[in-house]
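Here are some exercises to work through with the model open. Try each one before you read the solution.

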Amino acid sequence: MIAERTVPAVWCPLPSAIHPSWQRIHEDAVDWMMRMRLYRSPAQLSRNASSGAGELASRVAADADEEPIRLYAHFLIWLFSFDDEWCSEGRYGASPEELAVLAARLLRVAETPEPERMFGDEPWTTALRDIRSRLACVASDTQIARWAHAMRMYLFGQVWEAGLRAKGLVPDLNDYMAMRIHSGGLGPCAALLDVLHGQEATPAELHRPEVKALTEMMSIMVGVDNDIISQHKESRRSTQPLRLLNVLTHHHQLSQDEAVEEVIALRDQVLTRYLVLRRDTDQDAAPGLAAYLTGLDRWIRANLDWSYTCARYIHPEDPVTMPCATLAAPRPGPARERLCVPSISWWWT
């Protein structure tokens, strides 16, 4: 099992960065989580407090002002706690009907400026309302609508996963990659990248095919890297993990070692394409789009720097069995021209 070995290092030439106040930002995120009561047990509180949400936010937005990074860190810790409490490892992880009801309430909170409590004192809806209300002070109506739409796709992805768990199904590679773009929560995170820097990318800029492809590739990169790194956590805390490794071992009859090698080859191929397209897209970008694209770069690298040392993945309940890894992986050899996965092959066109 991969959990008994060092997590493999991966290749990533994108530069690291972190805001100098990252520790204070994380402490503030933990304080906010406790005020919002985003935990059900002391164990969950401890896990989320050690999640490093403030560090991750500070790596993604290393050169932003501190206040918007605080809001971003609050949103990240909301995502972590929501996933643990209700989704993959939580009470509705295999109950799509119940999760859909909660998702509908959360979507109503995300899409409306109404400050009152629409659904009582339930902590996760209350906390999301707090985030939504504060976004109205720093983001335009268009940016908030973009974030709310991305939240809709994220929550749909969670209901989709719960439906598979309820039936004991493992999606094939094509379906998995199509939904991994949304189920990892990177869509709403990406939607706020220009907001972090007080900029605004226009809808026309964000709807350009190359920008849409880069956004999807970032989501897949972060999701697939987490599939590798979180395997230890998922194998111990989730009875039916939906990860790329499981897809490959189930449908392609690969061993765990073979699946790890295939996943690394896949992510290297996507990253190679991302770097080429990113270089061609960067020319003459307006400030809003430039901030957005830089944020995509930062997410790919920040996720690795954070994940390889974060207690959320590397040191869950039995830390002794999980040594840390580094990013000292060599540059991969020549990649295949295009991935044979129809749902994402358009990135190469």
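A crossing is left-handed if the near helix is turned anticlockwise from the far one by less than a right angle, and right-handed if clockwise. This is a predicted model, where local features need pLDDT of at least 70, side-chain atom pairs need 80 or more, and totals for chains, interfaces and linings use all residues. Numbering starts from 1 along each chain as its sequence is written, and side-chain values use heavy atoms, leaving out hydrogens and water.

**Exercise 1.** Work out how α3 and α4 pack, and which hand their crossing has.

*Solution.* 
- Step 1: find α3 at residues 53-60 and α4 at residues 66-86.
- Step 2: their axes sit 8 Å apart at an angle of about 130 degrees.
- Step 3: look at the hand, and you'll get right-handed for α3 and α4.
- Step 4: pick out the contact residues (heavy atoms within 4.5 Å). On α3 they include L56 and V60, and on α4 they include Y72 and F80.

**Exercise 2.** Is S88 buried or exposed, and which side chain does S88 meet in a polar contact?

*Solution.* 
- Step 1: go to the loop between α4 and α5 (96-111), where S88 lies.
- Step 2: check its relative accessible area, which is 8%, so S88 is buried (under 20%; exposed would be over 50%).
- Step 3: now jump 74 residues along the chain to A162, whose C-alpha is 7.6 Å from that of S88.

Key
Axes are lines fitted to C-alpha atoms, for helices over the stretch in contact, and angles run from 0 to 180 degrees between N-to-C directions. Helices (H or I, at least four residues) and strands (E, at least two) are DSSP runs, numbered from the N terminus. Buried means under 20% relative accessible area, exposed over 50%, partly exposed in between (1.4 Å probe, protein chains only).
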